Amino acid sequence: MKIIRKVMLAFLMGLFFLYGKSIPAHGAQPVVVAIDPGHGGENLGAECNGYTEKNLTMIVALAMKEELEKYEGIEVYLTREGDKDMSLEERAEFAASKNADFLFCLHFNMSAEHDLFGSEVWVSAFGEEHQEGYSFASGEMELLEEMGLYPRGIKTRLNDRGEDYYGIIRHSTARGIPSALIEHCHLDQENDTSFYTSGEGLERLGILDATAVARYYGLKSEILGVDYSGWPKVEIPVPAGAVKPDLTEPDVCMIDVGDVNTETGDIEVSVYASDYDSYLLYYSYSWDGGKNFSDLQKWEPRSADNLTFTMKAPPGTMPEVVVKVYNKYDIKTESNHVYLPSIASEKEREEESGMEAAAGDTAEEDAAGEAVEAGIMKAKNPADNGKEAGKSGKGEAPEVTFFYFLQVAFLCVAILFVLLMLAGILMRGHIPFWGCGSKKKR
Ligand SMILES: [Zn+2]
């Protein structure tokens with residue numbers, strides 16, 4: 001009997017040990033997290049529109065810490081308290097010295113072409129650090145998307161030696177600490193501007209980060225009145241080898257043109273595209289054979305392999321339509337080119353609208369058309385836009401017509417006036433209206 005009891009006790013203790021280790025939040029031990037406000041001191045990080053990344057990350061980190069400390073069963077540390085230089089290894093070492101369960105690295109992004117927008121999270125490509133990093137990042141990404149940021153994905157990146165590319169992730173993984181490098185949004189793309197340009201916006205990001213952590217560890221907060229215990233996690237297996245990034249361009253990108261309105265320049269384009277290794281994130285289009293492309297557009301839904309949209313070619317052009325699609329790693333593929341008949345020039349459009357104006361109603365429509373066109377030209381080629389805007393700005397025919405009309409009207413009134421005066425003089429021997437014209441009117 002004693003032996004059976006001992007075996008059962010050992011079994012229960014073993015169970016408790018396993019359970020306690022894999023879900024730290026539920027043991028007596030608090031969850032320990034380290035928050036790393038990216039950059040600092042001489043290391044400014046990205047700079048854009050007068051904003052400096054090292055300051056933004058600190059605001060977010062402080063808000064994240066404050067929010068997390070409203071939860072029970074958690075200890076929170078910042079890798080740097082002030083504006084100081086700190087190497088990536090020192091940051092990971094700091095997290096290790098606190099026995100951290102996780103290191104959250106806060107950053108903001110910029111792209112070489114200033115065209116990318118949205119959020120992304122980088123995680124280790126290896127082992128349990130990948131598993132935990134990915135699982136946390138899934139919840140983080142979900143919240144960022146709910147906030148209105150475009151989800152660019154959870155990614156891994158390797159250096160030439162086949163290790164994690166980002167130092168902070170590499171050094172954390174080496175110390176057995178899962179980490180996530182959160183690139184909240186892009187500083188240099190207008191889609192993302194509103195998320196970081198106010199103190200409240202940055203604090204909102206910090207609270208969002210904290211909420212993702214609280215959910216991940218199933219924390220409770222009496223202060224906030226929330227209980228995330230049992231919050232579902234994205235579960236992925238521990239990878240056997242490195243989880244490699246997609247280094248190849250999208251595999252398929254073909255276009256087909258549907259309706260073409262040679263009057264307005266509206267072109268309906270269908271894209272068939274796919275990336276076998278990851279997925280598609282953006283597309284852009286060109287009417288001039290790829291000399292100029294539009295801003296990047298969201299490829300939505302991301303599971304789709306085809307998409308239809310309407311683009312506009314400027315007046316007087318013979319469009320050569322081509323589309324580019326970008327995958328999760330921003331690698332692009334160009335489609336086939338489709339050659340189209342020429343779009344009516346502005347002069348042709350004016351003649352057309354002149355004829356219709358005589359019938360009485362399209363002036364407004366035309367003005368709206370010009371505005372849309374100017375917008376689209378801006379997206380494609382700022383240099384050409386100037387020329388184009390200059391051209392449409394002159395708008396010769398309508399102004400001349402109006403001025404001409406005024407002249408004719410004035411002449412008619414003058415003739416009438418002279419005739420009336422003559423008639424008055426002849427019939428009554430004095431000048432009519434003289435001296436009382438204004439009184440009569442007011
Ligand atoms: Zn950064």
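**Note on a predicted protein chain**

1. Of the 442 residues of the protein chain, 43% count as buried, where buried means under 20% relative accessible area, exposed over 50% and partly exposed in between, with a 1.4 Å probe and protein chains only. The model is predicted: local features need pLDDT of at least 70 and side-chain atom pairs count only at pLDDT 80 or more, while totals for chains, interfaces and linings use all residues. Residues are numbered from 1 along each chain as its sequence is written, and side-chain values use heavy atoms, with hydrogens and water left out.

2. Among contacts between residues at least 6 apart in sequence, 73% join residues at least 24 apart, a contact being heavy atoms within 4.5 Å.

3. Helix α2 (residues 53-68) packs against α6 at an angle of about 45°, with the axes 7 Å apart. Axes are lines fitted to C-alpha atoms, for helices over the stretch in contact, and angles run from 0 to 180 degrees between N-to-C directions. The angle therefore makes α2 oblique to α6; angles under 35 degrees count as roughly parallel, over 145 as roughly antiparallel, 65 to 115 as roughly perpendicular and the rest as oblique. On the side of α2, the contact is made by L56, I59, V60, A63, M64, E67 and L68, and on the side of α6 by L202, E203, L205, G206, I207, D209, A210, V213 and A214. By class, these residues are twelve nonpolar, one polar and three charged. Ala, Val, Leu, Ile, Met, Phe, Trp, Tyr, Cys and Pro count as nonpolar, Asp, Glu, Lys and Arg as charged, and the others, Gly among them, as polar.

4. Helix α6 (residues 199-216) also meets helix α4 (residues 127-147): their axes come within 9 Å and cross at roughly 140°. This makes α4 oblique to α6. The α4 residues in the contact are E132, S135, F136, G139, E140, L143, L144 and M147, and those of α6 include R204, L205, L208 and D209. The contact of α4 with α6 has nine nonpolar, three polar and five charged residues.

5. The side chain of R152 makes a polar contact with the side chain of D330 at 2.8 Å. A polar contact is a pair of N or O atoms within 3.5 Å; within protein, one must be able to donate a hydrogen and the other to accept it, and residues adjacent in sequence count only if both atoms are side-chain atoms. Leaving aside neighbours within four places in sequence, R152 is in contact with residues including F117, E120, M141, H186, Y282 and D330.

6. Some backbone details in loops may be checked. The peptide bond from E300 to P301 is cis, with omega near -5°, and P301 is in the loop between β14 (297-298) and β15 (306-312). N49, in the loop between β2 (47-48) and β3 (51-52), has a positive phi near 50° although it is not glycine, and counts as exposed at 54% relative accessibility. H114 also has a positive phi, about 55°, and is not a glycine; this residue lies in the loop between β5 (102-109) and β6 (119-123) and is partly exposed at 45% relative accessibility.

Key:
Helices (H or I, at least four residues) and strands (E, at least two) are DSSP runs, numbered from the N terminus.
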